Amino acid sequence: MTTGWEAAVEAQIRSAQERGEFDNLPGAGKPIPGRDMPYDEGWWIRSFMEREQIPSDLLLPTPLQLRRRIEQLPAELRDLPTEEAVRSHVAALNTEVVAWLRTPTGPRVVVRPVNVEAAVHRWRTDRERAAPVVTAPEPPHATSARPRRRWRWWRR
């Protein structure tokens, strides 16, 4: 015996079938993907991550994410334009590392803050190797020894 709401739902499904709303749906007549594979409890997570193109690094625990970011740091710093940007990027990463060290969660993995000076030195050497420094010719110096007088427009 069905309840009132189940009967109403079944009636709506039956009327939609009669109208042909379930005909020619995408995937009709095709095999179900992954049907022959063994059961995996995380199938929905994997399919979501593939569909949304989410990197698998996000599933790692915090210390492993931090270690991976520290390993990839030279590649990230290589694209930064100035030394200030490099220092601020490394400082932000060190802030995250120190926050994790204060309240560690997850597996016990050794994570240490990055040496800012060593990162800046490596950034400089990478930039020098990538593009050799070309010195521009210096502009000609003024021949007069007297400095040029600046007009002050605020005089009356």
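Q: How much accessible surface does the chain have, and what share of it belongs to carbon and sulfur atoms?
A: The accessible surface comes to about 14300 Å², with 56% belonging to carbon and sulfur atoms. Areas like this come from the Shrake-Rupley method with a 1.4 Å probe, and for residues only the protein chains shown count as cover. A heads-up on the source: this is a predicted model, where local features need pLDDT of at least 70 and side-chain atom pairs count only at pLDDT 80 or more, while totals for chains, interfaces and linings use all residues. Residues are numbered from 1 along each chain as its sequence is written, and side-chain values use heavy atoms, with hydrogens and water left out.

Q: What makes a residue buried, and what percentage of the chain counts as that?
A: Buried means under 20% relative accessible area, exposed means over 50%, and partly exposed is in between (1.4 Å probe, protein chains only). Of the 156 residues, 14% count as buried.

Q: What secondary structure does the chain have, and what counts as a helix here?
A: Helices are DSSP runs of H or I with at least four residues, strands are runs of E with at least two, and the numbering starts from the N terminus. The chain comes out with 6 helices and 0 strands, in the order α-α-α-α-α-α.

Q: How do you know that Glu21 and Arg19 form a salt bridge?
A: The rule asks for a side-chain nitrogen of Lys or Arg within 4 Å of a carboxyl oxygen of Asp or Glu. For Glu21 and Arg19 the N to O distance is 2.8 Å, and the pair passes. The rule gives a count of 9 salt bridges.

Q: What do Arg69 and Glu96 tie together?
A: First, the bridge itself: their closest N and O atoms are 2.6 Å apart, which makes the pair a salt bridge. Arg69 sits in helix α3 (residues 62-71) and Glu96 in helix α5 (residues 83-102), so the bridge ties together parts that are 27 residues apart in sequence. Arg69, with a relative accessible area of 27%, is partly exposed, and Glu96 is partly exposed too, with 37%.

Q: How do you know that Arg124 and Glu83 meet in a salt bridge, and which parts does the pair link?
A: Their side chains meet at 2.6 Å, N to O. The pair links distant parts of the chain, with Arg124 in helix α6 (residues 116-130) and Glu83 in helix α5, 41 residues apart. Shared partners also put Glu83 and Arg124 in one salt-bridge network with Arg87 and Glu117. At 38% relative accessible area Arg124 is partly exposed, and Glu83, at 24%, is partly exposed as well.

Q: Why is α5 called oblique to α6?
A: Two packed helices are described by the angle and the distance between their axes. The axes here are lines fitted to C-alpha atoms, for helices over the stretch in contact, with angles from 0 to 180 degrees between N-to-C directions. Those of α5 and α6 come within 10 Å and cross at roughly 140°. That makes α5 oblique to α6, because angles under 35 degrees count as roughly parallel, over 145 as roughly antiparallel, 65 to 115 as roughly perpendicular, and the rest as oblique.

Q: Which residues of α5 and α6 meet?
A: In α5 they are Glu83, Val86, Arg87, Val90 and Asn94, and they meet Val116, Glu117, Ala119, Val120, Trp123 and Arg124 in α6. Contact means heavy atoms within 4.5 Å.

Q: Why is Arg68 called partly exposed, and which residues does it touch?
A: Arg68, found in helix α3, has a relative accessible area of 32%, which makes it partly exposed. Leaving aside residues up to four places away in sequence, Arg68 touches Asp57 and Leu60. Asp57 is 11 residues from Arg68 in sequence and 8.6 Å away in space, C-alpha to C-alpha.

Q: What is the phi of Asn24, and what is the phi of Gln53?
A: Most residues other than glycine have a negative phi. Asn24, not a glycine, has a positive phi of about 55°, and Gln53, also a residue other than glycine, has a positive value near 55°. Asn24 lies in the loop between α1 (4-19) and α2 (43-52), whereas Gln53 lies in the loop between α2 and α3. Asn24 is exposed at 76%, and Gln53 is exposed at 71%.
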